[in-house]
Amino acid sequence: MRQISDDKLKQLVEAALFVADSPLSLADIKLVLLAEYKVNKKRILAALERLTQDYQNRGVELIKVAKGYRFQTITSLSDDLATLFKERTPRYSRALLETLALIAYKQPITRGEIEDIRGVAVSSYIMKTLLERDWVKMAGHKEVPGRPALYVTTDEFLDYFSLSSLTQLPELMPLPEISIAETIE
Amino acid sequence: MVNKTMHQDAKQHHPVKKIKESEQGEMVQQVLPFALIRGEAVVEKPKDLFIPPDALEIFLETFEGPLDLLLYLIRKQKFDILDLPISPITQQYMEYVELMKNVKLELAAEYLVMAAILAEIKSKLLLPKQIIEEEEVDPRAELVRRLQEYEVIKQAAQKIDDLPRVERDTHIAHVALAENFHVRTIDADVDFNDLLSALKDVMKRTQAFEHHHIHKESLSTRERMSAVLKRLKNTTENAPFVAFSELFTHKEGRQGVIVTFLAILELIKESLIECVQCEVQGQLQVKLK
């Protein structure tokens with residue numbers, strides 16, 4: 001087991017996050033990247049913390065998503081950066097977003113339950129898009145007649161929306177607590 | 001654009017108003033009517049249903065189903081979902097549904113279901129309340145619940161859309177590796193014995209997967225039967241027995257042994273020979289019957 005200085009540790013983690021194809025988790029960093037070094041998780045976390053500090057006020061920031069840490073461009077630059085890319089990023093329909101929202105907030109949920117709340121049939125195209133993008137997946141079947149598939153969101157969904165867990169989803173609008181019967185009189 | 005057209009339309013189609021103006025002879029700034037309905041000039045733009053015909057189709061297509069349309073109607077009138085004024089809402093809803101029919105927009109069945117629900121609620125509200133049923137649930141309750149639930153999700157979808165999104169709001173920062181970067185390949189450390197045991201496993205597995213090939217038997221049982229009979233016929237009166245083991249030719253291998261054995265069994269079955277054992281644990285003897 002070799003020793004590593006704090007400075008080199010920070011440099012190595014920084015470079016690794018940049019070259020890695022997908023976000024690196026703490027375990028990836030410790031067990032793969034630093035397998036030959038004598039270093040504990042606390043030191044890695046400290047290095048990540050210092051990197052985050054270093055990247056304050058830069059065009060790129062270090063963030064934690066579901067699968068681990070990654071560098072990404074700051075959101076305020078998106079419009080200007082878009083000029084670099086010829087293709088327009090896909091816009092998603094409200095129907096797709098509502099379906100995704102239902103799966104995200106009410107998971108696990110069946111297609112029938114989604115349709116009940118939205119009041120319209122869920123198009124197969126939408127489910128196909130969500131499944132193909134790996135944002136949702138099937139997680140078993142509900143034990144009711146017909147055994148409909150239950151859908152849940154994936155880590156890819158969280159990563160795509162820069163979230164590290166489902167608890168970071170925006171809060172739902174609170175339902176007014178007044179009972180309907182009272183107001184009707 | 002639209003306003004302008006409407007003004008022109010009004011001028012062209014409703015000269016009534018002009019005549020009135022000239023009679024009065026005053027230059028009072030008059031508001032031009034948009035249309036005449038049952039002889040009455042409509043001065044104010046209708047607050048709802050005023051959609052340029054070209055835009056109508058697009059407008060209606062933006063609704064994500066009947067609940068969305070209902071919510072829009074309620075919000076537009078600044079009504080509270082909770083007091084859902086069923087009568088005006090039903091009327092407006094039906095007007096939209098009619099419009100949809102007129103522009104030959106594919107009218108999803110869900111819209112008609114909602115129309116039916118609204119009509120049902122309306123009819124229930126019109127019925128005189130029966131005092132007996134104390135715990136009567138307001139007929140609107142279920143619809144109000146669904147509308148609220150839908151609105152929550154509608155907003156949640158909006159919030160999800162607002163989240164910073166890869167490709168749209170942010171890009172994953174990635175740098176290319178240096179050109180002289182060498183991918184480190186770790187060569188596996190394999191013991192020679194491991195290799196041998198792996199080979200053994202493979203052999204074993206191949207055996208398990210071997211197919212049964214059915215060959216025409218190279219040794220015929222019939223032929224062997226005659227051979228055994230011939231061998232037994234060569235015995236003398238005094239010593240009619242041939243030891244069971246002597247009937248086998250070891251050189252022929254397993255296959256030969258089996259064929260001979262089958263031949264003996266066949267001969268016994270046909271009662272041509274018999275198999276005897278003279279003493280306990282002694283040799284089996286075979287003789288003609």
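The points below describe a predicted model, taking the contact between its chains, then the cores, a helix pair and a sheet.

1. Contact between chains. On the chain B side, 39 residues are in contact with 37 residues of chain A. Two elements of chain B, α4 (66–76) and α7 (141–162), each give two or more residues to the side that touches chain A. The largest share, 15 residues, is supplied by α7(B).

2. Make-up of that side. Sorted by class, the side of chain B that touches chain A holds 19 nonpolar, 14 charged and 6 polar residues.

3. The largest nonpolar core. This core counts 43 residues, and those with the most contacts inside it are L100(A), A101(A), L70(B) and I160(B). From chain A, the elements that give it two or more residues are α5, α6 (111–118) and α8 (155–160); from chain B they are α4, α5 (86–102), α6 (109–126) and α7. In soluble globular proteins, nonpolar side chains tend to be buried together.

4. L100(A). Once neighbours within four places in sequence are left aside, L100(A) is in contact with L130(A) and W135(A), and also with I160(B) of the other chain. L100(A) and I160(B) are both among the residues with the most contacts inside the largest core.

5. A helix pair in chain A. The axes of α5 (residues 94–106) and α7 (residues 124–132) of chain A come within 10 Å of one another and cross at roughly 60°. The crossing of α5(A) past α7(A) is right-handed. On α5(A) the residues that meet the other helix are A95(A), L96(A), T99(A) and L100(A); on α7(A) they are I126(A), T129(A) and L130(A). This contact has 5 nonpolar and 2 polar residues, with no charged ones.

6. A sheet in chain B. Three strands of chain B form an open sheet in the order β3-β5-β4, with antiparallel pairing. Because β3 (242–243) and β4 (273–277) of chain B stand at the edges with a single partner strand each, one side of each has no neighbour in the sheet.

7. Pairing within the sheet. Two bridges link β3(B) and β5(B) (residues 284–288) in the antiparallel sense. V242(B) stands opposite V286(B) in β5(B).

8. A helix across the sheet. Helix α9 of chain B, residues 221–233, lies across β3, β4 and β5 of chain B. The helix runs at about 90° to β5(B).

Terms used:
Residues are numbered from 1 along each chain as its sequence is written. Chains are lettered from A and ligands numbered from 1 in the order in which they are written. This is a predicted model: local features need pLDDT of at least 70, side-chain atom pairs count only at pLDDT 80 or more; totals for chains, interfaces and linings use all residues. Two residues are in contact if their C-beta atoms, placed from the backbone, lie within 7 Å. Helices (H or I, at least four residues) and strands (E, at least two) are DSSP runs, numbered from the N terminus. Ala, Val, Leu, Ile, Met, Phe, Trp, Tyr, Cys and Pro count as nonpolar, Asp, Glu, Lys and Arg as charged, and the others, Gly among them, as polar. Axes are lines fitted to C-alpha atoms, for helices over the stretch in contact, and angles run from 0 to 180 degrees between N-to-C directions. A crossing is left-handed if the near helix is turned anticlockwise from the far one by less than a right angle, and right-handed if clockwise. A nonpolar core is a set of buried Ala, Val, Leu, Ile, Met, Phe, Trp, Tyr and Cys residues joined through C-beta atoms within 7 Å. A residue is buried if 20 or more other C-beta atoms lie within 10 Å of its own, exposed if 12 or fewer, and partly exposed in between; C-beta atoms are placed from the backbone. Two strands pair if DSSP finds at least two bridges between them.
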